[in-house]
Amino acid sequence: MSPSGGGPRIGVVDYGAGNLVSIEQALTQVGARVVVIPDGDALRDLDAVVVPGVGAAAPAMARLARHGLIEPLQDWIAHDRPYLGICLGLQLLFDGSDEDGATTLGILPGRTVRLEDAPTLPHIGWNQVVRTREHPAFDGIADGADLYFVHSYAGAPSEDEAVLAMTTHGRPFVSAVSRGALLGVQFHPERSGTDGLRFLANFVELVAAGRGAARLARGVA
Amino acid sequence: MLRRRVIPCLDVADGRVVKGTRFVDLVDEGDPPELAERYAREGADELVFLDITAAPDHRATLLDIVERTARRAFIPLTVGGGVRTVLEMRDVLRAGADKVSLNTAAVADPTLISRCASRFGRQAVVVAIDGRGQPLVDDQTEPSWEVVVKGGREATGLDAIAWAERAVDLGAGELLITSIDRDGTGSGFDTALLREISSRVGVPVIASGGAAGPADFVSAVRDGGADAVLAASIFHRRIHSIAAVKAAMAAAGLPVRLVPEVAA
């Protein structure tokens with residue numbers, strides 16, 4: 001895949017959460033045209049949105065609100081547009097977080113809870129991601145592949161349908177979810193070596209295929 | 001199951017990787033991003049850059065190599081050496097680092113740990129502690145270690161174990177524990193120091209200082225309770241490969257991430 005040119009336009013939401021270089025660079029590496037998204041208006045003309053981030057939910061929600069991003073993101077997902085949430089970007093999809101009592105986006109039923117019986121916290125390092133069902137985002141990645149984590153909390157969906165993969169640190173927790181065009185992962189694909197890049201390449205390919213389908217549906221050549 | 005990590009450390013001075021024994025006799029070893037990419041390919045689980053540049057105006061050079069590394073090596077990067085303020089930490093993270101390691105500046109002002117942790121999350125804050133074993137005095141039976149700073153040149157009077165516990169209370173998400181006695185000697189990690197600390201804190205402990213061969217990595221984890229093991233010269237000088245170290249750890253029953261051999 002070429003690093004520039006006709007790849008899908010993917011917006012990485014910048015709400016002041018530190019290192020964006022890794023995710024921008026990893027997406028570029030696998031063929032996306034990456035745009036940094038500072039506010040809700042900038043979501044127009046995008047093929048997909050990526051919400052990265054680490055840390056606590058309340059300050060993240062405050063920053064999203066300040067940048068006018070909460071409703072646009074909720075609308076984006078309600079219209080089943082492609083979304084990838086990474087780490088905090090996954091946790092924010094649930095109703096709320098036990099970490100600081102924050103109310104979050106309320107897209108997936110459930111809460112973000114502290115990892116139970118973990119031998120060490122934060123859970124930092126490479127751990128196995130075991131799929132509960134197949135998804136094209138994991139094509140070419142071995143079931144149980146080691147991917148990189150850094151977190152102390154994880155989303156606990158109250159319904160099983162969205163669960164895509166599990167990982168164990170102390171007890172098993174949900175390490176990936178999907179629903180329609182929505183994907184969320186607790187691991188960091190941008191920091192998970194070749195398997196992580198493969199995951200992002202699959203995501204970009206899915207976005208590109210979906211964009212083609214959408215254009216066909218609109219009758220655009 | 002969470003894997004035990006193997007972490008090559010690159011000493012960086014004036015934008016180049018250098019090698020030497022405790023900051024003397026430095027020899028140019030190459031371009032940091034290039035070496036970082038090579039280590040990532042060879043199975044490194046993370047990378048640490050330790051900036052040992054003495055010049056005060058080296059920030060821009062450091063940020064440039066951090067950014068170039070983040071563009072090439074898609075594994076986590078920790079940067080240590082000379083970060084003294086929340087703003088300096090922000091700049092290093094924005095350049096593409098995932099974590100910053102605080103050492104001398106945290107001893108001088110422990111609130112730096114809590115301020116950085118509340119701004120960036122504790123997962124981004126590594127506190128590096130250099131410990132030196134103390135001679136037993138009077139009727140003392142348990143060993144003790146004193147915290148030293150400035151690359152081991154300055155004693156602080158702080159007890160290393162007490163400082164480790166305090167650093168975690170203040171917000172450290174990881175501890176990087178170096179035995180100054182063992183560092184550069186190839187006489188193995190100080191597993192007693194590691195055990196004293198890893199048994200008292202809930203955060204991951206990274207062992208550093210003294211690696212000579214794969215067996216030392218095994219004992220740092222098994223006897224020292226370390227979650228990750230860091231080494232510099234044995235990897236730079238190609239005395240042992242990361243794959244050989246991991247194979248020894250796997251053979252000892254430790255969970256490691258095995259990377260398939262990649263054609264050069």
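I count two residues as in contact if their C-beta atoms, placed from the backbone, lie within 7 Å. This is a predicted model, and local features need pLDDT of at least 70, side-chain atom pairs count only at pLDDT 80 or more, while totals for chains, interfaces and linings use all residues. Residues are numbered from 1 along each chain as its sequence is written, and chains are lettered from A and ligands numbered from 1 in the order in which they are written.

**Entry 1: Trp126(A)**

I looked up Trp126(A) and what it touches. Leaving aside neighbours within four places in sequence, Trp126(A) is in contact with Asp146(A), Leu147(A) and Tyr148(A), and also with Arg3(B), Asp45(B) and Arg257(B). Trp126(A) sits in strand 7 (residues 123–131) of chain A. Helices (H or I, at least four residues) and strands (E, at least two) are DSSP runs, numbered from the N terminus.

Is Trp126(A) buried or exposed? I use these cut-offs: buried if 20 or more other C-beta atoms lie within 10 Å of a residue's own, exposed if 12 or fewer, partly exposed in between, with C-beta atoms placed from the backbone. Trp126(A) is buried, because 27 other C-beta atoms lie within 10 Å. I also checked a pair: Trp126(A) and Arg211(A) are 85 residues apart in sequence and 33 Å apart in space, C-alpha to C-alpha.

**Entry 2: backbone of chain A**

I went through the backbone angles next. The peptide bond from Leu121(A) to Pro122(A) is cis, with omega near 0 degrees. Pro122(A) is in the loop between strand 6 (110–114) and strand 7 of chain A. Asp117(A) also has its place in the loop between strand 6 and strand 7 of chain A. Its phi is near 55 degrees, a positive value in a residue other than glycine. Asp117(A) is exposed, because 7 other C-beta atoms lie within 10 Å.

Cys87(A) has a phi near 60 degrees, again positive in a residue other than glycine. Cys87(A) lies in the loop between strand 4 (83–86) and helix 4 (88–91) of chain A. It counts as buried, because it has 25 C-beta neighbours inside 10 Å.

I then noted helix 1 (residues 21–29) of chain A, whose buried residues are Ser22(A), Ile23(A), Glu24(A), Ala26(A) and Leu27(A). Gly31(A) follows helix 1 of chain A and has a positive phi, near 105 degrees.

**Entry 3: chain B against chain A**

How many residues of chain B are in contact with chain A? I find 29 residues of chain B in contact with 29 of chain A. Helix 2 (59–70) and helix 3 of chain B are the elements that give two or more residues to the side of chain B that touches chain A. By class, that side has 13 nonpolar, five polar and eleven charged residues. Here Ala, Val, Leu, Ile, Met, Phe, Trp, Tyr, Cys and Pro count as nonpolar, Asp, Glu, Lys and Arg as charged, and the others, Gly among them, as polar.

**Entry 4: helix pairs in chain B**

Axes are lines fitted to C-alpha atoms, for helices over the stretch in contact, and angles run from 0 to 180 degrees between N-to-C directions. The axes of helix 3 (residues 86–94) and helix 5 (residues 111–120) of chain B come within 10 Å and cross at roughly 45 degrees. That makes helix 3 of chain B oblique to helix 5 of chain B. Val86(B), Met89(B) and Leu93(B) of helix 3 meet Arg115(B), Cys116(B), Arg119(B) and Phe120(B) of helix 5. That contact has five nonpolar, no polar and two charged residues.

Helix 8 (residues 214–222) and helix 10 (residues 242–251) of chain B pack at about 50 degrees, with their axes 8 Å apart. Helix 8 of chain B is therefore oblique to helix 10 of chain B. The contact is made by Pro214(B), Ala215(B), Phe217(B) and Val218(B) of helix 8 and Ala244(B), Val245(B), Ala248(B) and Met249(B) of helix 10. By class it has eight nonpolar, no polar and no charged residues.

**Entry 5: Ala128(B)**

Ala128(B) lies in strand 7 (residues 125–134) of chain B. It counts as buried, because it has 24 C-beta neighbours inside 10 Å. Beyond four places in sequence, its contacts include Gly80(B), Ser101(B) and Leu176(B).

Key:
Angles under 35 degrees count as roughly parallel, over 145 as roughly antiparallel, 65 to 115 as roughly perpendicular and the rest as oblique.
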